[in-house]
Amino acid sequence: MATVFLAGGAGYIGSHTAVELLEAGYEVIAADNFCNSSPESVRRAEQITGKTIRLYDADIRDTRRLAGIFQENRIDAVIHFAGLKAVGESAEKPLLYYRNNIDTTLSLLETMQQFGVKHVIFSSSATVYGSENPIPYTETMRRGVCSNPYGWTKAMTEQILEDAAKADPSLSVVLLRYFNPIGAHPSGMIGEDPCGIPNNLMPYITQVAVGKRECLTVFGNDYPTPDGTCRRDYIHVTDLAKGHVKATDYVLQHTGVEAVNLGTGTPYSVLEIVEAFERVNGVKIAYRFGPRRAGDIPEFYANADKARELLHWTAEKTLDDMCRDAWNWQKQNPNGFRDSE
Ligand code: NAD
Ligand code: UFG
């Protein structure tokens, strides 16, 4: 079976993808500098599957280090998760974001070229559609104007990969545009483990539920949506991870570039998420309304047809599954992976 190299594989989405790839029969190798993760996530992925993952403590920007890893292993495909992802921080530290997110891409592509590795999947984001495109977002739409440097690193990386594939027709690239991944592996052994105050909705809710934060601030209730709060296309991280398995099957068999949305196609509002979390888990979430957050747009969700047609993948889990699994992870690991380090 083919061997897949996960750059940034100790992170939230990388660790869940490792589990699904191993369960589908792929060999998995991972490298991470743990700037936003812990090696414990990879150990847990091994425990869940009963299989081993060769894990390197390495900065993906370091081409010498990468060459060593590619020398030691016969790598068939690369999944590029390695990036910084905090939207607000990216506006404060744009150079850090451009340096990290673009350099990881260039180093990976150069090393792939050096070792003749032709298959790559990139963690892109719905943010590349910008705010001008009509919803639902469809892959035939042009990339839009991003509202922050993080988003631009995703748009630029897509462009770099497209140019690389144009120059080398034997290259095979899948750009996976994630919508809003939430939830955790049903075992509760791996999940999202943000450092400091969570930026994203679901980890904030679970930290309120576990007593680490007092109250959720809902950013704006005067949007042109049914209940006035923003609507997003939330997707269970295990569904998303399975989308990577299908993308790996695909990328190994094709050449050229394909952008593919990974979403459910159904949006939920912030208040609907709070309501579902309370109902499914029998806990109360204290919340108050605050001002709008800069850069938020009222609503976006995926047209998920291409993923179904091209990758034979559809999201299967419900919002209730997402809420239950997010809480199961947080309850079992109130301090994330830190308790086990
Ligand atoms: P994450 O922070 O948990 O995972 C990213 C991993 O990359 C971390 O383990 C981090 O330590 C590692 N990393 C970063 N820079 C590195 C470097 N220079 N060298 C080695 N390792 C490095 O985030 P995630 O939620 O798992 O996201 C994975 C990818 O998906 C990211 O590229 C992110 O931008 C993208 N994405 C995430 C979301 C989301 O909502 N979670 C949405 C769209 C796209
Ligand atoms: N929200 C709150 N309170 C919070 C946190 C979030 O009300 O404490 C709201 C936001 O205003 C938004 C919704 O919850 O309406 C979802 O917010 P997230 O931060 O969880 O997610 P975003 O849709 O803002 O961002 C996500 C990813 C980004 C990606 C973007 C577009 O985190 O990486 O989608 O694809 F760029």
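Modeller: Welcome! Helices here are DSSP runs of H or I with at least four residues, strands are DSSP runs of E with at least two, and both are numbered from the N terminus. Please keep in mind that this is a predicted model.

Colleague: Thanks! Where is histidine 312 placed?

Modeller: Helix 10 covers residues 305–311 and helix 11 covers 319–332. Histidine 312 sits in the loop between helix 10 and helix 11.

Colleague: Is histidine 312 buried or exposed?

Modeller: The relative accessible area of histidine 312 is 60%. Exposed means over 50%, so histidine 312 is exposed.

Colleague: What is the phi of histidine 312?

Modeller: Most residues other than glycine have a negative phi. Histidine 312 is not a glycine, yet its phi is positive, at about 60°.

Colleague: And where does phenylalanine 34 lie?

Modeller: Phenylalanine 34 is another residue that is not a glycine but has a positive phi, of about 60°. Strand 2 spans 27–32 and helix 2 spans 40–49, and phenylalanine 34 lies in the loop between strand 2 and helix 2.

Colleague: Which kind of peptide bond joins isoleucine 135 and proline 136?

Modeller: Proline 136 is found in the loop between strand 5 and helix 6. Most peptide bonds are trans. Between isoleucine 135 and proline 136, however, omega is about 0°, and the bond is cis.

Colleague: Let's turn to the ligands. Which element gives the largest share of the shell around ligand 1?

Modeller: Around ligand 1 there are 28 residues, and Ile13, Asp32, Asn36, Ser37 and Lys85 come nearest. Helix 1 (12–23), helix 5 (94–115), strand 5 (119–125) and helix 6 (149–167) each supply at least two residues of this shell. The largest share, three residues, comes from strand 5.

Colleague: How much of ligand 1 does the protein bury?

Modeller: A polar side-chain atom of serine 37 is 2.7 Å from an oxygen atom of ligand 1, and one of aspartate 59 is 3.0 Å from a nitrogen atom of ligand 1. Taken alone, ligand 1 exposes 820 Å². Of that area the protein buries 95%.

Colleague: Which strand gives the most to the shell around ligand 2?

Modeller: Ligand 2 is surrounded by 19 residues, the closest being Thr217, Phe219, Arg232, Arg293 and Asp296. By class, they are ten nonpolar, six polar and three charged residues. The strand that gives the most, with four residues from 216–219, is strand 8.

Colleague: How much of ligand 2 does the protein bury?

Modeller: A backbone N or O atom of threonine 217 is 2.8 Å from a nitrogen atom of ligand 2, while an N or O atom in the side chain of arginine 293 is 2.8 Å from an oxygen atom of ligand 2. Ligand 2 exposes 680 Å² when taken alone. The protein buries 89%.

Colleague: Is threonine 225 buried or exposed?

Modeller: Threonine 225 is in the loop between strand 8 and strand 9 (231–232). A polar atom of its side chain lies 3.1 Å from the backbone nitrogen of glycine 228. The relative accessibility of threonine 225 is 11%; because buried means under 20%, threonine 225 counts as buried.

Colleague: Last one: what is the relative accessibility of isoleucine 235?

Modeller: Isoleucine 235 belongs to strand 10 (residues 234–236). Leaving aside neighbours within four places in sequence, its contacts include Leu240, Leu262, Trp313 and Met322. Isoleucine 235 counts as buried, with a relative accessibility of 0%.

Definitions and conventions: Residues are numbered from 1 along each chain as its sequence is written. Chains are lettered from A and ligands numbered from 1 in the order in which they are written. This is a predicted model: local features need pLDDT of at least 70, side-chain atom pairs count only at pLDDT 80 or more; totals for chains, interfaces and linings use all residues. Side-chain values use heavy atoms; hydrogens and water are left out. A residue is near a molecule or strand if one of its heavy atoms lies within 4 Å of it. A polar contact is a pair of N or O atoms within 3.5 Å; within protein, one must be able to donate a hydrogen and the other to accept it, and residues adjacent in sequence count only if both atoms are side-chain atoms. Accessible areas come from the Shrake-Rupley method with a 1.4 Å probe; for residues, only the protein chains shown count as cover. Ala, Val, Leu, Ile, Met, Phe, Trp, Tyr, Cys and Pro count as nonpolar, Asp, Glu, Lys and Arg as charged, and the others, Gly among them, as polar. Buried means under 20% relative accessible area, exposed over 50%, partly exposed in between (1.4 Å probe, protein chains only). Contact means heavy atoms within 4.5 Å.
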